[in-house]
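Dear colleague,

I am handing over the structure we spoke about, and I would be grateful if you could look it through alongside the notes that follow it.

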Amino acid sequence: MSNKEIFQIPPSFAAQAGVDGAHLRQMTADAARDPERFWLDQAGRLDWTRRPTLASGSSFADDVSIRWFADGRLNASVNCLDRHLAERGEQIALIWQGQEASQVERLTYRALHERVCRMANVLRGLGVERGDRVAIHLPMVIEGVVAMLACARIGALHVVLFGGFSAEGLADRLNDSGAVAIITADEARRGPKRIALKTVMDEALARGVPGVRHMLVLSVTGIDLPMQEGRDLALAPLLAQASSDCPPADMEAEDPLFLLYTSGSTGKPKGMVHSTGGYMVWASFTHEMVFDHREGDVFWCTADISWITGHTYVVYGPLANGGTILLFEGLPSYPAPGRWWEVIDTHKVTTFYTAPTAIRSLMRDDDAVVKGYALDSLRLLGSVGEPISPDAWIWFHEAVGRGRCPVVDTWWQTETGGILIAPIPGAVPQKPGSATLPLPGVDAVLLTDKGEVIDGEGEGCLCIARSWPGQARTIWGGHERFRQTYFSFSPGYYFSGDGARRDADGYYWITGRIDDVINVSGHRIGTAEVEDVVATDHRFVECAAVGVPHDIKGQGLVVFVVARDASVPDLADAASLAVTKGIGRYAVPERVYLVPDLPKTRSGKIVRRLLRKIACHELDGLGDLSTLADATIVDRLIAVVGPAK
C-alpha cells in the first residue's frame, strides 16, 4: 500500500526549528564526505575528561569490530547531571506522575544529582565495583532512573529487567549477565492490579543464581515481605544514611555502559552490549535532531525504562541535552479514558513519543475524549516500536496534534542504540506510514535476498553499510552469535532483519520483519501491508497478519483483528474484503479471527510468532511468555481459533 499524501512542515514550526532543509542537506553531505571529522565534531556535545582524537575504528568484516571515540574518556552520569549543575541546577530535570493525580514529584537537576550520588554510594558500600553488573527490576518510579545513573556513575553495567518477566525469564538473564546485585521493589502498580516484583524475584533466585550477593528492596506499596538475612536489604534506610557526594568513575569510551536483553522470539535471550562514549553521543545527537529539542521542552516518552526506548529517550538523551523528562506510572485510560491527555495538559508536555499500539488503543475511545482536552502545549509527536499505519498516523496528527504538530515516525532497534531513520521535523515533509529518510551518517541500503544492492525505488532487506556511534558492540558472552546474526547475511553490511520499500522520493517504508513476509503463490506480501489495508476500515482497532503452511499456495494468510464493536455482524468478511480490495485477490485471507486483543510485549510489539503458532495449532512449543504485557491473552486466542480441523 502506498500513501502519496504529503504533510508539509507547518510554517509556525519551521520558523523556529533547529534544523531546516538546507542545514540537514549540509550535515548529510558532511557526514558522507568526511565522517571522521563530522563525528568528532558531534562528540563535542559531551563533556570528556579526555577528548577523543579518533572517531570510528569499526569494521563489519571478518570477526566484526565496532569502536568509536576509543581514546576518549568520560562518565555518562556526569554528562546527564554534573555538567548541568552550574547553569541548570534549579531547573526541573524529572517530573514523576503517579497513577493518582495527586502523586506528583518534581526533581531539579541538583536534587536528582544528590539522589544518584546516594544510590551510587549504597552500591559501592555493598562492594559493587567497576565492570560489575547490577540488575534493576523496578516499576516506573524515580528510583529506576536514579539506579541507572548511579550504576553509570561508578562504572557498573546496569541490566534493566522488565517487571513482567517470569521467574524463569529473570533467572536466565541474571545468570547470563552474571549480576552481583539486584534493585527491585515490593510491588508494581498497574491500574488496579499489583505485580509482586520481589516475590517473583525470590522465585527466580530460588532457581539458582549463585552470582547475586545482595537484593535491595524499594518500598512502593508498603506491603510486608519476607527478607532473606544477609542478602535482602531495605533500600530506603541505606539511601538515607549514604553520602550525597560520589566521585564519578573515569571511563574509557569503549567501556560498556549497560546490557539490555532483547525479547527474542526463540533461543537464549540476547544481551546487547552498549558502550559509554558512542552510545552517549548517539543518544544526545538523535534526541536533539529528531525531536527538535529546545530550551523549556517537557519530553514525555511513554516507554518503560526496561526497553531501549526508555534507556535512550527517557533517560540518557534528554538528560544529556539538559531537558525535562516526564516519568509516568500508569495506564493510558486508568482510572478513566483521557488519562494521558490529562497528564499532557497538567504538565505542559511539549513532545510526546509513544507506540502505534498505544495510539490504536487510544483510538478506541470516542473522539470526544481527546477533544475534551486542550493539548495546546504539544509541539511535536513521535511514534516508535513498529510501523504505524497511515490511518493511525493521521488520527494521531489530527486528533492529538490538532494538525499543527509534525509526527516523527522513527525506525530503530535495541541493537542500534537510537533512531536511524526518521523525518527531521523542521526539514522533512512527512508521509503517513513512512519513516522517511536516514539520519546524517546513516548509510541505509536495500539488498535483495541474494545480497545485491537495490538502487532507486524498490523493496528488499534493510541493511546499513557503515557503523554509527550508537551501534551495539556485541552480544554479551556471544560475539560469534553477534557476527552470525547481524553480519552474515551479506558481508560488509549490518542486517537489520527488517524489510523496507524505498519510494521515488527516497523515503523508506518499513514493511516488517523479513520473516513476516508471506509468500502466497509466489506473491510476497508484507504483514504491514495487510495490516495497513485492514486499518482503513475504521471498525477495526488493530490487526496482525501471519503466514501459515498451505498445500497449494505454499503459504496462506491468516488475519487476527480487534474490532471496536465485536457485536457488529460480518466483521470477518469485511476484513477479508478490505485485504482483497487493498492488495488483490491473491491476498485473500484463508481465515480471519475476531479476537479481544493481540499478544504484545510491554514495549508494544505484536508477537506474531505466537499468532503463527496458534494459527497452526502448534501449542506445545509456545516458548517463553514472560515478555508479554498480558500472558492471559494466549489462552483466549487459543479458544477463539479452536481445535485443528
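Which feature does UniProt place at residues 25-80? The record, an unreviewed entry, gives "domain: Acetyl-coenzyme A synthetase N-terminal" for that stretch. Please keep in mind that the model is a predicted one.

Helix 14, which spans residues 356-363, is mostly covered, since seven of its eight residues are buried. Those buried residues are Pro356, Thr357, Ala358, Ile359, Arg360, Leu362 and Met363, and they pack against helix 13 (339-347), strand 16 (351-354), strand 17 (380-383), helix 16 (390-400) and strand 27 (540-550).

The loop between strand 15 (324-328) and helix 13 holds proline 335, and the peptide bond that joins tyrosine 334 to proline 335 is cis, its omega being near 5°. Leucine 375, in the loop between helix 15 (367-371) and strand 17, has a positive phi of about 55° although it is not a glycine; this leucine 375 is buried, at a relative accessible area of 0%. Histidine 617 is another residue other than glycine with a positive phi, in this case near 60°, and it sits in the loop between helix 20 (608-615) and helix 21 (633-641). With a relative accessible area of 30%, histidine 617 is partly exposed.

As to the cysteines, the count of disulfides comes to zero. A disulfide is a covalent bond between the sulfur atoms of two cysteines. The cysteine sulfur closest to that of cysteine 117 belongs to cysteine 246 and is 5.5 Å away, which is too far for a bond, given that the cut-off for a pair of sulfur atoms is 2.5 Å. Cysteine 151 is likewise in no disulfide, the nearest cysteine sulfur, again that of cysteine 246, being 11 Å away. Cysteine 117 is buried, with 0% relative accessibility, and cysteine 151 is buried as well, with a relative accessible area of 0%.

Finally, the structure contains five cavities of 30 Å³ or more, and the largest cavity holds about 50 Å³ of space. Its lining is made up of Asn75, Ala76, Ala152, Gly155, Ala156, Met251, Pro256, Leu257 and Thr276; by class, six of these residues are nonpolar and three are polar, while none is charged.

With best regards

Terms used. Residues numbered from 1 in each chain as written. Predicted model: local features only at pLDDT ≥ 70, side-chain atom pairs only at ≥ 80, totals over all residues. Heavy atoms only, no water. Buried < 20%, exposed > 50% of the residue type's maximum accessible area, 1.4 Å probe, protein only. Helix = DSSP H or I, 4+ residues; strand = E, 2+ residues; numbered from the N terminus. Contact = heavy atoms within 4.5 Å. 1 Å grid on protein atoms, 1.4 Å probe; cavity = no way out; pocket = protein on both sides within 12 Å on 5 of 7 lines; lining within 4 Å. Points joined across faces, edges and corners; volume = space filled by probe spheres on them. Nonpolar A, V, L, I, M, F, W, Y, C, P; charged D, E, K, R; others polar. UniProt positions renumbered as here; feature names shortened; annotations may be inferred.
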